[in-house]
Amino acid sequence: MASFYRYSVVCGLIALTLTGCKTIAEKQAEDARKRAAPTAVVMKSANGKPVGETGQLNKNGFPDFNTPITAANVQISDAQALDIRNQLTAAGAARDSGALTQAQYDAKVAEMRKLAAEQQQTLSDLQN
């Protein structure tokens, strides 16, 4: 019985030793991957030029950070956002009170989801 335990311990130690082993090529590849610089992501503007090239430069040729930042797309105003929120709140209240049927409410929700999907597609197009 003691030889069985000794055999089990030896096999366990061998297994632990072998799990930590790597070939030289694997170790070199892992080290190279850790040291490698991350790949740059260059966003394109609407006219196809990289975003950094469209900014204002000062007289020395460096980027001028004093120029106002412009959005990539037209943004909604606070009034428009408030109007949309009021529409959705009114639709939910009308559904709760029974003035709006479930089908009408579902149609309004589907319309808003379609609008969100179109905006997501526009955003995806702008990023490519």
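Guide: Happy to. This is a predicted model. Of the 128 residues of the protein chain, 4% count as buried.

Visitor: What pattern does the protein chain follow along the sequence?

Guide: The pattern reads α-α-α-α. The chain has four helices and zero strands.

Visitor: Why is the pairing of Glu30 and Lys34 called a salt bridge?

Guide: Check the distance. The two side chains meet at 3.3 Å, N to O. The cut-off is a Lys or Arg side-chain nitrogen within 4 Å of a carboxyl oxygen of Asp or Glu. The value 3.3 Å is within 4 Å, so the pair counts as a salt bridge. The structure holds one salt bridge.

Visitor: Where do Glu30 and Lys34 lie?

Guide: Both are in helix 2, residues 24-35. They sit four residues apart, about one turn of the helix.

Visitor: Is Glu30 buried or exposed, and how do you know?

Guide: Its relative accessibility is 19%. Buried means under 20%. Therefore Glu30 counts as buried.

Visitor: And what makes Lys34 exposed?

Guide: Exposed means over 50%. Lys34 has 61% relative accessibility, so Lys34 counts as exposed.

Visitor: Which residues make the nonpolar surface patch?

Guide: Met1, Phe4 and Tyr5 make the patch, which covers about 400 Å².

Methods. Residues numbered from 1 in each chain as written. Predicted model: local features only at pLDDT ≥ 70, side-chain atom pairs only at ≥ 80, totals over all residues. Heavy atoms only, no water. Patch = residues over 30% accessible without salt bridge, like charges linked within 9 Å, V, L, I, M, F, W, Y side chains within 5 Å. Areas by Shrake-Rupley, 256 points an atom, 1.4 Å probe, with all protein chains shown as cover. Helix = DSSP H or I, 4+ residues; strand = E, 2+ residues; numbered from the N terminus. Buried < 20%, exposed > 50% of the residue type's maximum accessible area, 1.4 Å probe, protein only.
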